[in-house]
Amino acid sequence: MLKITQDTQLAAVDLGSNSFRLEIGRVVDGQILRVDYLKEAVRQGGDLDEDRNLKPQAFERGLKCLARFGERLKGFPVEHVRAVATQTLREATNSEDFIRQAQKVLGYPIEIISGVEEARLIYQGVSRMLPQSDEKRLVIDIGGRSTEFILGQHFKANVTESLRLGSVGWSQKYFADGQFSERNFERAEIAAESIIDMIANRYIGQSEVAYGASGTVGAVADVLAGAGFAPDRIERAQLEWLKQTLIKAKTPDRLNMEGLKDDRRAVIGGGLAILTAVFDTLQIDTLMVANGALRHGVLYDMLSSDHATEDLRTLSIARLCKQFGVEMDHANNVSKAALYFYDAMQASDTHKPLLHWAALCHEIGWAISHTDCNKHGAYILDNTELMGFAQSELHTISLLVLGHQGKLRKLPADFDNQDLVCQLMALRLAVIFCHSRRMPALKHLQLERHKQQFVLILSSQWANQHPQTHYLLEEECLLWQKLGWQLELQLT
């Protein structure tokens with residue numbers, strides 16, 4: 001568990017689509033006060049090729065930036081640093097290659113978080129930086145390649161959405177000719193409205209105050225403040241004024257506006273079009289400018305106990321199981337059996353929660369079909385977004401669900417990863433022993449692990465009393481032999 005005391009320094013790294021940011025804060029009386037802040041316009045979101053790979057130059061810019069961040073973080077305990085990556089690296093085909101190299105130069109683990117987890121953390125950051133009240137809040141964050149929408153109250157996010165529209169992507173698509181024209185703005189706004197329409201009913205009229213965070217909202221607010229408008233809010237009429245100002249300038253290089261930073265020139269058109277569509281589709285009159293952002297949410301989330309984070313993930317899995325009609329008595333039995341076998345292997349405790357959650361939802365694919373239910377379940381997990389989870393965690397759970405039954409040779413898993421093999425072995429054994437959908441008596445069996453060999457010791461009497469389980473175990477032994485691992489049955 002993370003131990004936080006007075007004056008502890010925490011660090012958050014945000015690998016955004018437009019900029020990478022490092023926020024270092026010091027804990028003082030339950031609040032986090034800024035110690036240092038670094039920001040670099042890396043612009044990875046604009047450098048995905050036609051196959052959705054990060055281009056070499058984007059790779060290089062990102063690694064150089066993180067190397068500089070790593071120098072500043074030198075000496076920080078690993079548990080006091082959290083680095084998160086967002087939409088561009090969620091999309092990029094070669095994101096795993098980048099993350100692997102990025103972790104080396106940064107010196108700390110990097111999580112690719114889901115859209116709804118990003119939204120939750122954004123709300124945490126915004127709510128912590130606002131005066132406390134009972135107001136129902138709508139928080140909006142328009143980033144480089146995604147936009148997050150959150151309804152919440154106090155410190156709790158109640159409704160979260162993340163849509164694939166952002167200032168970088170929209171500028172590339174609808175202002176590709178480099179012109180701020182009426183036609184380009186019209187096309188960009190209509191396209192954004194068509195996407196926001198899909199979630200509008202969940203948000204219209206559900207909040208008392210609307211807040212805009214970071215990214216495009218911050219950039220637009222700075223420009224409006226430089227023109228003499230109130231710095232703490234954005235009105236719909238002001239967006240129209242700004243649009244006409246951009247159209248008059250015609251191109252980004254001819255923009256000469258106080259408050260407009262150089263790194264925002266190329267993406268202000270797409271961001272403004274999305275912000276206008278947000279106002280019109282969600283029927284917003286005034287958007288208050290919030291100070292909090294994703295990086296602040298990451299810092300404050302670190303102040304929460306490990307149990308709080310685990311509870312959030314447990315709730316997310318429980319909702320998923322309920323949504324897909326999982327038989328929870330059986331799922332819990334499989335979890336208990338899997339954890340029993342995993343403990344017997346003396347494997348790392350770090351991975352036990354993922355095994356537990358995989359066991360709970362190993363049958364979610366049944367909602368689609370009993371045939372190939374493992375494949376359906378894995379697909380659901382790889383294409384869902386659950387609060388509290390990093391994408392890598394969801395992928396591990398998906399892999400375990402995919403491998404809980406059937407042949408192992410085709411499983412896209414790293415069988416040199418001993419922790420993963422132990423998780424997989426434990427889950428498959430649990431499914432076999434629970435095949436009758438009753439909790440088996442496990443105290444009469446023994447499981448031993450010797451490097452790449454597992455030995456399951458059973459009594460002959462037990463085997464005679466449970467012929468189907470015995471048969472399934474013999475078949476399981478044959479499957480593992482083809483992978484360089486060995487499962488051996490010993491009857492006493």
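This is a predicted model: local features need pLDDT of at least 70, side-chain atom pairs count only at pLDDT 80 or more; totals for chains, interfaces and linings use all residues.
Across the whole structure, a search finds 13 aromatic pairs. One of them joins Trp-170 and Tyr-174: the ring centres are 5.2 Å apart and the planes stand at 50°, so this pair is classed as tilted. An angle under 30 degrees would have counted as stacked, and one over 60 as edge-to-face. The two residues sit in helix H5, which covers residues 167–174. Their spacing of 4 residues is about one turn of that helix. Trp-170 has a relative accessibility of 8% and therefore counts as buried, the cut-off being under 20%. Tyr-174, with a relative accessible area of 10%, is buried as well.

A stacked pair is formed by Phe-454 and Trp-485, with 5.8 Å from centre to centre and 25° between the planes. Here the pair links distant parts of the chain, as its members are 31 residues apart. Phe-454 belongs to strand E13 (residues 453–458), while Trp-485 lies in the loop between helix H19 (467–481) and strand E14 (486–491). Both Phe-454 and Trp-485 are buried.

Two arginines can be viewed against phenylalanine rings. Arg-128 lies over the face of Phe-155, at 4.0 Å from the ring centre. Arg-313 lies over the face of Phe-389, and there the distance to the ring centre is 5.9 Å. For a charge to count as sitting over a ring, that distance must be within 6 Å.

Methods:
Residues are numbered from 1 along each chain as its sequence is written. Side-chain values use heavy atoms; hydrogens and water are left out. Rings of Phe, Tyr and Trp (its six-membered ring) pair if their centres lie within 6.5 Å; planes under 30 degrees apart count as stacked, over 60 as edge-to-face and the rest as tilted. Buried means under 20% relative accessible area, exposed over 50%, partly exposed in between (1.4 Å probe, protein chains only). A charge sits over a ring if NZ of Lys or CZ of Arg is within 6 Å of the ring centre and within 35 degrees of the ring normal.
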